[in-house]
Amino acid sequence: MSTATTDIMASLHQILRSITSREEKLERGPIRVAAHQTNVNKAASTLESTRDQLKAARMAVDAKQLQLRTSETKILDLQTKLNTCANNREYQALLEQIAADQMAESVLEDEILESMETVDTLVENVNEATQVVDETKKEMQEESKRVESEGRALRAEIAQLSSDLADTEKHLPETIKPDYARMVKTRKEDCLASVNDGICEGCFQQITPNMIAQLALKESVICTSCGRLLYPSDAS
Ligand SMILES: [Zn+2]
């Protein structure tokens, strides 16, 4: 391995970038799991409201069936009274009453059938909503497992990269080491920028000829525009 200053700094920069990208991936892990948890919560809330609708529909059917039984009893009662009518006028009035009640009963029966169909539909909806809850829970568990195993791999890679970083840092010239050590703590990979054709590649501003001359002497040169520690790229 070449120990030229340029190579050392370029390689430090590359290692720092690799560490940052893995740290960002690590941070996204819990966010990915949380997104699935949101899906589970939504599905559970849909299931709950569908169950409530089903309960209300079943109660409506029960109430109408009770109403129907009451009406049937009443008609039977009226039919019994037909035998005890005192005159024809009373008899006719009773017949009309029975006919009207029977009409109302038939409307009620249609309504009961309709309500039962609503119950059937809602039973299907509850089954579907239950399935969605199960599926989203499964997806969340799978994502959680993926995030966990990816996290283990990322942490191992970060540990290896950090050890590579420490090894590489040892080869930095003493002229550069103090500035680098101070800046890397807070700025990580943003503490370094290559210079290509007199341009700082961190902020794309021109650097002075004097700074280029200092770079050639392996001195510590900091970009006056973005504050990054500069190193010449291979191309310059
Ligand atoms: Zn700059």
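Predicted model: local features only at pLDDT ≥ 70, side-chain atom pairs only at ≥ 80, totals over all residues.
Residues are numbered from 1 along each chain as its sequence is written.

**View 1. The packing of helices α1 and α2.** Helices (H or I, at least four residues) and strands (E, at least two) are DSSP runs, numbered from the N terminus. Helix α1 spans residues 5-81, and helix α2 spans residues 88-169. The two pack at an angle of about 165 degrees, with their axes 5 Å apart; the axes are lines fitted to C-alpha atoms over the stretch in contact, and angles run from 0 to 180 degrees between N-to-C directions. Helices α1 and α2 are therefore roughly antiparallel to each other. Their crossing is left-handed, a term used if the near helix is turned anticlockwise from the far one by less than a right angle, with right-handed used if clockwise.

**View 2. E114 and A166, two residues of helix α2.** A residue is called buried if 20 or more other C-beta atoms lie within 10 Å of its own, exposed if 12 or fewer, and partly exposed in between, with C-beta atoms placed from the backbone. E114 is partly exposed, because 13 other C-beta atoms lie within 10 Å. The C-alpha atoms of E114 and V61 are separated by 9.2 Å, and these residues are 53 residues apart along the chain. A166 counts as exposed, because it has 10 C-beta neighbours inside 10 Å. Between the C-alpha atoms of A166 and T73, which are 93 residues apart along the chain, the separation is 93 Å.

**View 3. The largest nonpolar core.** A nonpolar core is a set of buried Ala, Val, Leu, Ile, Met, Phe, Trp, Tyr and Cys residues joined through C-beta atoms within 7 Å. The largest one has 16 residues, and those with the most contacts inside it are M9, L12, L192, V195, C200, L230 and Y231. The elements that give two or more residues to this core are α1, β1 (192-196) and β3 (229-232). Helix α1 gives the most, with six residues. Domain 1 and domain 2 both give residues to the core, so it lies between them. Not counting residues up to four places away in sequence, L230 touches A193, V195, C200, I207, L215, V221, I222 and C223.

**View 4. S233, in the segment after β3.** S233 counts as partly exposed, because it has 16 C-beta neighbours inside 10 Å. Not counting residues up to four places away in sequence, S233 touches S194, V195, N196 and E201. S233 and N196 are 37 residues apart in sequence, and their C-alpha atoms are 5.7 Å apart in space.

**View 5. F204 and Q205, in the loop between β2 and α4.** Most residues other than glycine have a negative phi. F204, although not a glycine, has a positive phi of about 60 degrees. F204 counts as exposed, because it has 11 C-beta neighbours inside 10 Å. Q205 is partly exposed, because 13 other C-beta atoms lie within 10 Å. Leaving aside neighbours within four places in sequence, Q205 is in contact with C200 and S225. Q205 and S225 are 20 residues apart in sequence and 7.0 Å apart in space, C-alpha to C-alpha.

**View 6. Helix α4 and K218, which follows it.** Helix α4 covers residues 209-216; of its eight residues, the number buried is zero, so α4 lies largely in the open. K218 is placed in the loop between α4 and β3. Its phi is near 60 degrees, a positive value in a residue other than glycine. K218 is partly exposed, because 16 other C-beta atoms lie within 10 Å.

Terms used: Domains from an automatic or database assignment. Contact = placed C-beta atoms within 7 Å. Parallel < 35°, antiparallel > 145°, perpendicular 65-115°, else oblique.
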